[in-house]
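Let's work through this model one question at a time. Keep the sequence and the 3D view open.

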Amino acid sequence: MDNWAGLLPDFGIILILLLGVRQFRTPRGARAGNFLAMLAILCAVILVLYRHPISNYALVTIAVLAGSAAGWGIAMRVSMIQIPAMVAFQHGAGGVAAFLVSYIELSRNSMHLTGVAAVSGIIGLIIGAATFSGSMVAGGKLANKLKQAPTVLRGHNLLLVLIVICIAIVSAVPFYSGFACLCQYAIALIILSIILGVVFSMRIGGADMPVLISFLNASAGLAASFCGVVIDSKLLTACGATVVASGSLLTIMMCRAMNRSLLNIFKGITPARPQAGTPVQADTGKQKQVVAPRAGDPFEDAVEIIRKARTVIFVPGYGMAMAQAQFQVVSLYNKLEGLGKSAKFAIHPVAGRMPGHMNVLLAEADLPYEKLCEMDAVNDEFKDTDLCIVVGACDVVNPAAITAEGTPIYGMQILRAHEAKNVIVFNMDTKPGYSGVENPLYRQDNAVLLLGNAAETLDKVLKADLA
Amino acid sequence: MTNILIMISVMGLSFLVGYFLISKVPPLLHTPLMSMTNAISAITILGGLIIFSFETTAEAKIIGCLALVLAAFNVVGGFAITDRMIRLFKSEQKK
């Protein structure tokens, strides 16, 4: 089977898969891309069944059908706001599958394993198990079943290092003592790795979830890839490696967008622990000298500003998702467009709980995707825009990132909402965001704050006469 | 026999091609992308199937079944939800 002609079908399948990924360059092609990837997996399953006639069709069919039915049922039912949690749980399921397969392979022919297969099997086991438990913690946080704040244990770093050392020792032992009792070592490794996954991800906070979930994406792929080596399936290895590429690329992008290193995020260094009493202050030069309430009622002011504005940019953040305000936001957008104003949306890469989360939520509310603009494409337009409407976003529009050197947020790329002629903020409160740095945008002369649940406030605005 | 050179090159090549293709994906589609690659990572279902082609113990069969259930859950769920998401993205012209 190892001659090159025999591998042609494998290359064909990988080609189909890569063509599928290529389709994701445009929203229009993405659906076909997803189908191509599906086709590739289906062909891979058929090829494997053809090459390895299985003995127990009934059992296999039942298992596959049961899993598929559950997956299908849940996928059809989850709401778009639950997508990050769903994806995290699925990473976990993939991790379990990878370590179980590696375990069986290691225990099945422990006497005939080659060195390479044994090493990859053990790596697959460790990464799979850690991905499983890490994903469960991430999924719990994303589904609001666990608290969002980082949980830091005493001596957390030391504990992590100790677990890693234990794993390294347990993995090395079979190579000296022989593979006879590989099973016991494998079980010990699984348990240690599950603990590693939990300890690792528990101290990563809610707003760093886009990084964690991308990282778990990569590690699930890596586990699959190593699983492919131990079971000697090039297809499995290749598909796994493609997933690793995707996951690591997204991880890098998310870190870059937050201007933080991967290590910092994984160390659970929250950008700032809100210093008692004195939040970090920043100066934009535009803010009021005396904090006096604006002349009129902020709501009337806001309506007046909306009436006068010709160009509008919306900046949504995770707060919009939490308030489920995306439908009101899009209604307001439609109303403004109907009045002949030009409006668009500026999306920060890390807004939301997973990469690109805001886009899906707004697409669900029927916003045409041409209106969803990337940060770099739209950032120069703020200064010529009459009105910027911020909905549930804080850190991603915090000018302190540009002006306040020394604050934790300094250097992060932000949407330059503060440059717009007017800013209306629909946020719950004026508390600092996840970074802990106070947002000077709120104190600017040209900013109107409409605090409270964004969905309710927007409903009120929608009822007002905006013409 | 596992040939280490072949495996490394398969892994490396797929990674590079994947990296190149995925760097072209716009941030607009990052969520569906991750959801799809998540489904692909459950390609371990192949491993679960291969296990059933060997003579194995009952214990291995039970574990293998569990792996199959979870991998199938991941594959089908991942692709289904990706499709649901992509269908939400509508163009201006169609409105």
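Q: In β3(A), which residue is the bridge partner of A:A346?
A: This is a predicted model. Strand β2 of chain A, residues 342-347, is joined to β3(A) by three bridges. The two strands run parallel. Within β3(A), A:A346 has as its bridge partner A:C373.

Q: What is the order of the strands in the open sheet of chain A?
A: Strands of a sheet pair through backbone hydrogen bonds, either parallel or antiparallel. Here the pairing is parallel, and the open sheet has six strands. Read across chain A, the order is β3-β2-β1-β4-β5-β6.

Q: Which strands of chain A stand at the edges of this sheet?
A: An edge strand here has a single partner strand, so one side of it is left without a neighbour in the sheet.

Q: What angle does the direction of helix α11 of chain A make with that of β6(A)?
A: Helix α11 spans residues 298-308 of chain A and packs on the sheet. It touches β4 (387-391), β5 (422-426) and β6 of chain A. With the direction of β6(A), the helix direction makes about 130°.

Q: How are α1(A) and α9(A) oriented to each other, roughly parallel or roughly antiparallel?
A: Two packed helices are described by the angle between their axes and the distance between the axes. For α1 (residues 8-22) and α9 (residues 234-258) of chain A, the axes come within 10 Å and cross at roughly 15°. Angles under 35 degrees count as roughly parallel. That makes α1(A) and α9(A) roughly parallel.

Q: By class, how many residues in the contact of α1(A) with α9(A) are nonpolar?
A: From α1(A) come A:D10, A:I13, A:I14, A:L17 and A:V21. From α9(A) come A:K234, A:L235, A:A238, A:C239 and A:T242. One residue of the contact is polar and two are charged, while the nonpolar residues number seven.

Q: How many residues of chain B are in contact with chain A, and which element gives the largest share?
A: On the chain A side, 98 residues take part, and they meet 77 residues of chain B. Elements of chain B that give two or more residues are α1 (4-22), α2 (30-41), α3 (45-51) and α4 (58-88). The largest share is 28 residues, and it comes from α4(B).

Q: By class, how many residues on the side of chain B that touches chain A are nonpolar?
A: That side has eight charged residues and 21 polar ones. Its nonpolar residues number 48.

Q: What is the handedness of the crossing of α4(A) and α2(B)?
A: The axes of α4 (residues 83-108) of chain A and α2(B) come within 9 Å and cross at roughly 20°. The two helices are therefore roughly parallel to each other. Their crossing is left-handed.

Q: By class, how many residues in the contact of α4(A) with α2(B) are polar?
A: A:I83, A:V87, A:Q90, A:H91 and A:G94 of α4(A) take part. They meet B:T31, B:M34, B:S35, B:N38 and B:S41 of α2(B). Three residues are nonpolar and none is charged, and the polar count is seven.

Terms used. Residues numbered from 1 in each chain as written. Chains lettered and ligands numbered in written order. Predicted model: local features only at pLDDT ≥ 70, side-chain atom pairs only at ≥ 80, totals over all residues. Axes fitted to C-alpha atoms, helices over the stretch in contact; angles between N-to-C directions. Helix = DSSP H or I, 4+ residues; strand = E, 2+ residues; numbered from the N terminus. Parallel < 35°, antiparallel > 145°, perpendicular 65-115°, else oblique. Contact = placed C-beta atoms within 7 Å. Nonpolar A, V, L, I, M, F, W, Y, C, P; charged D, E, K, R; others polar. Pairing = 2+ DSSP bridges. Left-handed = near helix turned anticlockwise from the far one by under 90°.
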